[in-house]
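Have the structure open as you read.

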Amino acid sequence: MENRKDITDLTDIQSMVDTFYGKVREDELLGPIFNNLIQDRWPEHLEKMYRFWDTILLDSHTYHGAPFHPHATLPVNGLHFDRWMQLFRTTVNGLFTGPKAEEACWRGEKMAQMFLSKIEYYQGQSPLR
């Protein structure tokens, strides 16, 4: 019998974020990039991701910021984003089921597409200021 439920509160968001970034940190492709960039600031990053996803999925309005800018100059391409989405979908679908879980995957996919498009554009341009 399945014990999964939908994403309904901050505790669920924290579980999703912690599980996902645990996988990212250990991933052969993504881990070195994230670990090198974030270094010992993982608690702050995770807290920011809690607020981001809480705002996106549960309308809490606790995240204030521009999520793309810190990613603009990362050394990533489509392979990295494909892996990111694979890990994200696996995490969400392994923990949750329901409309909010589906929305999380959909929003993750749309953000990945947008970030990749903007990164590819800026890779040929001068860095963002």
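Which residues does T91 touch, not counting residues up to four places away in sequence? They are M16, T19, F20 and K23, where contact means heavy atoms within 4.5 Å.

Some ground rules first. This is a predicted model, where local features need pLDDT of at least 70 and side-chain atom pairs count only at pLDDT 80 or more, while totals for chains, interfaces and linings use all residues. Residues are numbered from 1 along each chain as its sequence is written, and side-chain values use heavy atoms, with hydrogens and water left out.

**Around T91**

T91 sits in helix α4, residues 78-95; helices are DSSP runs of H or I, at least four residues, numbered from the N terminus. Its side chain reaches the backbone oxygen of L87 at 2.8 Å.

| Residue | Relative accessible area |
|---|---|
| F20 | 2% |
| Y21 | 6% |

**The aromatic cluster**

Searching the whole structure turns up eight aromatic pairs. Take F20 and Y21: their ring centres are 4.8 Å apart and the planes meet at 70 degrees, so this pair is edge-to-face. For the cut-offs, rings of Phe, Tyr and Trp (its six-membered ring) pair if their centres lie within 6.5 Å; planes under 30 degrees apart are stacked, over 60 edge-to-face, and the rest tilted. Ring pairs join F20, Y21, F34, W42, F52, W53, W84 and F88 into a cluster.

**A cavity**

There is one cavity of 30 Å³ or more. The largest cavity holds about 40 Å³ of space, and its lining is made up of M16, V17, F20, Y21, W53 and F88. Helix α1 gives the largest share of that lining, four residues. A cavity here is a set of points on a 1 Å grid over the protein atoms alone where a 1.4 Å probe fits but cannot get out, and lining residues have an atom within 4 Å of a point. Points are joined across faces, edges and corners, and the volume is the space filled by probe spheres set on them.

**Helix α5**

The 25 residues of α5 (99-123) should span 36 Å at 1.5 Å a residue, and the end C-alpha atoms are 36 Å apart, so the two agree. The expected span is 1.5 Å times one less than the number of residues. Buried residues of α5 include A101, C105, M111 and F115, and its buried residues pack against α1 (10-26), α3 (42-58) and α4.

Notes:
Buried means under 20% relative accessible area, exposed over 50%, partly exposed in between (1.4 Å probe, protein chains only). Helices (H or I, at least four residues) and strands (E, at least two) are DSSP runs, numbered from the N terminus. A polar contact is a pair of N or O atoms within 3.5 Å; within protein, one must be able to donate a hydrogen and the other to accept it, and residues adjacent in sequence count only if both atoms are side-chain atoms. On a 1 Å grid over the protein atoms alone, a cavity is a set of points where a 1.4 Å probe fits but cannot get out, and a pocket is an open set with protein on both sides within 12 Å along at least five of seven lines; lining residues have an atom within 4 Å of a point.
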